[in-house]
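Here are my notes on the model, point by point. Please keep the structure open while reading.

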Amino acid sequence: MMWRGAILAIAMIGFVSSAGCSSSEEPWKAESERCRKAGVALQVLGSGGPIPDDDRASSGYLIWHQGKAKVLVDLGGGVVLRFGQSGASIDDLDVVAISHLHADHIADLPDFLKGGYFTQRRRELPILGPDSNERFLDTKAFVEGLLNPTEGPFKYLSPYLTGESGYFKITPKVLSSTNKTPVRAFSNDALTVDAVGIHHGTIPSIGYLVTVGSFKIGFSGDQSAESTGFAPMVKDADLLVVHHAISESDTGIQSLHRLPSQIGDLGAAANPKHLILSHNMQRSLAKLEESLKLIQERYKGKVDVAKDLNCYVLK
Ligand SMILES: [Zn+2]
């Protein structure tokens, strides 16, 4: 009897703790709701990087404006799942901006387009992204190759190239990755997207600044400290998302990514109100305390380490 009672008690504790756990595991629902109710907000869809060692999606971000998701930055693996969790609609997007064509920034594009077929959307969707070099296609060639009606691996989605058969048309726009002076890559009545070439090893890459009304939100993409044109473009941004992919001892790959001290230098130069560290992996998180110290010795503003679906409300 005593054993049965003990087993029952343990089972009840298990039930209570798992029931408690399920509600504590869903703060993302509240975060998504906060973003949908905001005037202007940034939502992190994917706060992780290419190494699959935790529960983070790869790179992806949404800008919300008056209840609608208007700008999608990057489409790494897992971002379409997070897009659904955020409550965003493909119908509402004004523009997609891709930082570069490493898989952890673009792999979910086919999944995103497949989902788009099931919407009411008919207006064109611009997709901004970098130009080419000997190892990478430019963004237009990448999209057109993927969807090529005869040879594309996703040729069944080729109507996206023309906007026929009930599909909306996607219009890739190629941006110079060597241009160190910002260009206006997209604008409409509500927002603008500025772009500048950044340095990420030998990979053609773009940093972005999204401006909604008086609010400015910068996206570093993956960049090394040689990205001299980026800080002036995002000067005094309200939010600056910076990719935190390595620790200070990973000097062997600082031609690809900023060391934490170099993230601090970027923060000091750009002076954002709020610095958000993303593209986090165990590789960088393992030394987070040391890295935050190096960043905050140089940059005195607010620093957050992003998690998937975190919402940062500006208005
Ligand atoms: Zn990359």
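**Notes on the fold and its cores**

1. Charge first. The protein chain carries 32 positive and 35 negative charges, and their mean positions lie 5 Å apart. Keep in mind that this is a predicted model.

2. The protein chain has 14 strands and 10 helices.

3. Overall dimensions come next. Along the principal axes, the C-alpha atoms fill a box of roughly 75 × 55 × 40 Å.

4. Burial and surface. Of the 315 residues, 52% count as buried. The accessible surface comes to about 13900 Å², and carbon and sulfur atoms account for 56% of that.

5. Sequence separation of contacts. Taking contacts between residues at least 6 apart in sequence, 64% join residues at least 24 apart.

6. The largest nonpolar core has 35 residues. Those touching the most other members are Leu-62, Leu-72, Leu-109, Phe-112 and Ile-170. Elements giving two or more residues to this core include the strands β1 (40–46), β2 (60–65), β3 (68–73) and β5 (125–130). α5 gives the most, with three residues.

7. What does Leu-72 contact, leaving aside its neighbours within four places in sequence? The partners are Leu-45, Tyr-61, Leu-62, Val-79, Leu-93, Val-95, Val-96, Ala-97 and Phe-112.

8. Another core, of 28 residues, lies apart from the largest one. Among its members are Tyr-61, Ile-206, Tyr-208 and Ile-217.

Note on methods:
Residues numbered from 1 in each chain as written. Predicted model: local features only at pLDDT ≥ 70, side-chain atom pairs only at ≥ 80, totals over all residues. Heavy atoms only, no water. Helix = DSSP H or I, 4+ residues; strand = E, 2+ residues; numbered from the N terminus. Buried < 20%, exposed > 50% of the residue type's maximum accessible area, 1.4 Å probe, protein only. Contact = heavy atoms within 4.5 Å. Areas by Shrake-Rupley, 256 points an atom, 1.4 Å probe, with all protein chains shown as cover. Lys, Arg positive; Asp, Glu negative; His and termini not counted. Charge placed at Lys NZ, Arg CZ, Asp CG, Glu CD. Core = buried A, V, L, I, M, F, W, Y, C linked by side-chain atoms within 4.5 Å.
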